[in-house]
Amino acid sequence: MTTAAVFCRGVTKQYGQKYALNGLELFIPQGCTVGVLGPNGSGKSSLFRMLTGLTRADRGKIEVLGKAPGWRTNKEIAYLPDRARWYPDYTVNESFRWGENFLPGFERETAERLASFMKLDMDMRAVGMSRGQEARLMLILCIARQVPLIILDEPFSGIDVISREKIIEGLIEHMSTGEQTVLISTHEIYEAEPLFDHVVFMNEGQVILAGEADKLRGKYGSMHTILQKMY
């Protein structure tokens, strides 16, 4: 039986009269890269916050790496939230030193290799970076960690095309081993689609379609085509 990196059964989260998640059912196997796709407000970010223990479900069961989300799972997850910003006075080098001291599983050698690949100067400070350069730095701090689960919430949002391409190239290179489970929420479907082994489509707090990316492409077409048909 395939082991689940993420398991959700009947997960519901409500804010006033609005459901962020509404009876969500989800199974994500370990060791794959998963695109979590859907329109704004479909529940993607709410799901990610619950997986990291930042938000609790009102009802239902959630397991991350076989455990309930919380302090026991935090050291096993690398999470990059939507619209995150980095400490402005830190250089790339100082940021990596911070990662060594505070981020479980952070590998300095991997971070430096990714920085070279993504063309980040080790002496550059975040305050002088473009939005795309800052996004590359934050992504490196997240993925240069040997942890079982990586969660990336809109890592390409508001970033120029050149930076998006560099980030995706870096992700493809780094994630070729298939040892980690990676969840990626993005609206940049064309560029990101080559990353996905599995895809989960969400709408109104529910999963409306999920499966292996190649099988879904064979049945429905590209991920962008599926999105257009569904929404």
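This is a predicted model: local features need pLDDT of at least 70, side-chain atom pairs count only at pLDDT 80 or more; totals for chains, interfaces and linings use all residues.
A search of the whole structure finds seven aromatic pairs. One of them joins Phe-96 and Phe-106 in a tilted arrangement, with 6.1 Å between the ring centres and 45 degrees between the planes. This pair links distant parts of the chain, since Phe-96 belongs to helix α3 (residues 92–102) while Phe-106 lies in the loop between α3 and α4 (108–117), ten residues apart. Both partners are buried: Phe-96 has a relative accessible area of 0%, and Phe-106 has one of 11%. A further tilted pair is formed by Trp-98 and Phe-102, at 5.6 Å centre to centre and 40 degrees between the planes. Trp-98 and Phe-102 both lie in helix α3, where four residues, or about one turn of the helix, separate them. Phe-102 counts as exposed, at 56% relative accessibility. Ring pairs also extend to a cluster that comprises Trp-86, Tyr-87, Tyr-90, Trp-98 and Phe-102.

An aromatic ring also takes part in an arrangement with a charged group. The charged end of Lys-166 sits over the ring of Phe-117, at 4.6 Å from the ring centre.

Side chains of opposite charge can pair when their charged atoms come close. In the whole structure, twelve salt bridges are found. Among them is the bridge between Glu-76 and Lys-67, in which the closest N and O atoms are 3.2 Å apart. Lys-67 is partly exposed, its relative accessible area being 24%. Glu-112 forms a salt bridge with Arg-108, and here the closest N and O atoms are 2.7 Å apart. Glu-112 and Arg-108 are separated by about one helical turn because they are four residues apart in helix α4. Glu-112 is partly exposed, with a relative accessible area of 35%, whereas Arg-108 is buried, with a value of 18%.

Another salt bridge brings together the side chains of Glu-188 and Arg-164, with an N to O distance of 3.8 Å. Glu-188 lies in the loop between β7 (181–185) and α7 (189–192) and Arg-164 lies in helix α6 (residues 161–174), so the pair ties together parts that are 24 residues apart in sequence. Glu-188 is partly exposed at a relative accessible area of 23%, while Arg-164 counts as buried at 11% relative accessibility.

Ser-46 is found in helix α1 (residues 44–51) and counts as buried, at 10% relative accessibility. Apart from neighbours within four places in sequence, Ser-46 is in contact with Ala-20 and Leu-21. Met-129 is found in the loop between α4 and α5 (131–143), where it counts as buried at 11% relative accessibility. With neighbours within four places in sequence left aside, Met-129 is in contact with Val-92, Met-124, Glu-134 and Leu-137. The C-alpha atoms of Met-129 and Thr-91 are 9.9 Å apart in space, although 38 residues separate the two in sequence.

Terms used: Residues are numbered from 1 along each chain as its sequence is written. Side-chain values use heavy atoms; hydrogens and water are left out. Rings of Phe, Tyr and Trp (its six-membered ring) pair if their centres lie within 6.5 Å; planes under 30 degrees apart count as stacked, over 60 as edge-to-face and the rest as tilted. Helices (H or I, at least four residues) and strands (E, at least two) are DSSP runs, numbered from the N terminus. Buried means under 20% relative accessible area, exposed over 50%, partly exposed in between (1.4 Å probe, protein chains only). A charge sits over a ring if NZ of Lys or CZ of Arg is within 6 Å of the ring centre and within 35 degrees of the ring normal. Contact means heavy atoms within 4.5 Å. A salt bridge is a side-chain nitrogen of Lys or Arg within 4 Å of a carboxyl oxygen of Asp or Glu.
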